[in-house]
Amino acid sequence: EETEEEQEAEMPELAIRHVMGNARVSSAIIGFAEPGQVDEAVGFARRGNLPESLRVALQSIKLPEECP
């Protein structure tokens, strides 16, 4: 069963927190369309790593070998 945090997270938050929680990533380049998105990203980062169950679920998604 999903937690409230897992149910409410949207793609930008999932992406930022997933990358920041990966010890193999030393830096990430994030593009922003509007200044307010910077504050939003900082807020996501302050929430810390994703819950283990959500991290495992994201890692289990099979991506196509070639992306258009």
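Helix H2 (residues 11–20) and helix H3 (residues 36–46) pack against each other at an angle of about 50°, and their axes lie 9 Å apart. An axis here is a line fitted to C-alpha atoms, for helices over the stretch in contact, and angles run from 0 to 180 degrees between N-to-C directions. The two helices are therefore oblique to each other, since angles under 35 degrees count as roughly parallel, over 145 as roughly antiparallel, 65 to 115 as roughly perpendicular and the rest as oblique. The crossing of H2 past H3 is right-handed, a term used if the near helix is turned clockwise from the far one by less than a right angle.

This is a predicted model, in which local features need pLDDT of at least 70 and side-chain atom pairs count only at pLDDT 80 or more, while totals for chains, interfaces and linings use all residues. Residues are numbered from 1 along each chain as its sequence is written, and side-chain values use heavy atoms, with hydrogens and water left out.

Where the helices meet, Pro12, Glu13, Ile16, Arg17 and Met20 of H2 are in contact with Ala41, Phe44 and Ala45 of H3, contact meaning heavy atoms within 4.5 Å. By class, this meeting place holds six nonpolar residues, no polar ones and two charged ones; Ala, Val, Leu, Ile, Met, Phe, Trp, Tyr, Cys and Pro count as nonpolar, Asp, Glu, Lys and Arg as charged, and the others, Gly among them, as polar.

Buried means under 20% relative accessible area (1.4 Å probe, protein chains only), and the table gives the value for each residue.

| Residue | Relative accessible area | Class |
|---|---|---|
| Glutamate 13 | 6% | buried |
| Arginine 17 | 2% | buried |

The side chains of glutamate 13 and arginine 17 are joined by a polar contact of 2.8 Å, that is, a pair of N or O atoms within 3.5 Å, of which, within protein, one must be able to donate a hydrogen and the other to accept it, and residues adjacent in sequence count only if both atoms are side-chain atoms. A polar atom of the arginine 17 side chain also lies 2.7 Å from the backbone oxygen of glycine 48. Leaving aside neighbours within four places in sequence, glutamate 13 is in contact with Phe44 and Arg47.

In the chain as a whole there are four helices and zero strands, helices being DSSP runs (H or I) of at least four residues and strands runs (E) of at least two. Of the 68 residues in the chain, 15% are buried.

Methods
Buried means under 20% relative accessible area, exposed over 50%, partly exposed in between (1.4 Å probe, protein chains only).
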